[in-house]
Amino acid sequence: MKNNLSRALLVISDLLAIVISISVSYVIESLLLGGHGNYVQYVDKLLIYLIIVAVLFYEGIYTKRYDFWHESRQIIKSLAFSFLLVMSYLALTKNVEQFSNVVIVLAFIFMAFFIPLFKNILKKTLFTLGLWQRKAKIYG
């Protein structure tokens with residue numbers, strides 16, 4: 001039960017980091033370049049969230065325990081592959097013109113910062129609450 005709750009909270013944390021990354025990149029792009037498209041079209045693309053979380057899950061981010069730096073490397077590698085998948089999806093569905101490349105690139109850059117940060121804060125909180133602890137046996 002603790003593992004499933006912890007994994008669900010980690011996924012929700014990642015989804016929140018993705019939404020915040022897209023929002024911040026949209027605001028930066030609209031302030032610097034005058035905006036491109038509607039904000040809702042960026043946040044509403046559910047498939048983008050699913051691609052990123054699926055690749056993170058495939059890399060074992062939710063099932064294995066890594067230290068911060070190793071997990072950050074895994075997340076960045078997953079985000080690079082997710083970026084290629086998202087851009088391929090947009091190109092194949094001919095939706096590239098609807099989205100600003102600046103927003104998409106900035107969003108993935110911010111995700112590389114926010115996802116490990118949120119995950120680290122959440123893990124420390126879960127550890128304090130006793131949900132991220134494991135029992136260990138010491139043989140000697």
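Lys-123 counts as buried, since its relative accessibility is 10%, under the 20% that sets the limit for this class. In this predicted model, the side chain of Lys-123 meets that of Glu-71 in a salt bridge, with 2.7 Å from N to O. The two partners belong to distant parts of the chain: Lys-123 is in helix α5 and Glu-71 in helix α4, 52 residues apart. Glu-71 has a relative accessibility of 4% and therefore also counts as buried.

The salt bridge of Lys-123 and Glu-71 is one of three found in a search of the whole structure. Another is formed by the side chains of Asp-14 and Lys-119, at an N to O distance of 2.8 Å. Asp-14 and Lys-119 are both buried.

A further salt bridge joins the side chains of Lys-77 and Glu-59, at 3.4 Å from N to O. Lys-77 lies in helix α4 (residues 68-92), whereas Glu-59 lies in the loop between α3 (46-58) and α4, so the pair ties together parts that are 18 residues apart in sequence. The accessibility of the two partners was computed separately. Lys-77 counts as partly exposed because its relative accessibility is 47%, a value between the limits of 20% and 50%. Glu-59, at 18% relative accessibility, counts as buried.

Helix α4 also contains Ser-82. The relative accessibility of Ser-82 is 0%, so this residue counts as buried. When neighbours within four places in sequence are left aside, Ser-82 is in contact with Ile-51, Ile-52, Val-55 and Phe-108.

The chain has an average pLDDT of 87, and 96% of the residues score at least 70. Within the chain, confidence is highest in helix α4, with a mean of 92, and lowest in helix α2 (residues 39-43), with a mean of 74. Where pLDDT is low, predicted coordinates should not be read in detail.

Technical notes
Residues numbered from 1 in each chain as written. Predicted model: local features only at pLDDT ≥ 70, side-chain atom pairs only at ≥ 80, totals over all residues. Heavy atoms only, no water. Salt bridge = Lys/Arg side-chain N within 4 Å of Asp/Glu carboxyl O. Buried < 20%, exposed > 50% of the residue type's maximum accessible area, 1.4 Å probe, protein only. Helix = DSSP H or I, 4+ residues; strand = E, 2+ residues; numbered from the N terminus. pLDDT = per-residue confidence, 0-100. Contact = heavy atoms within 4.5 Å.
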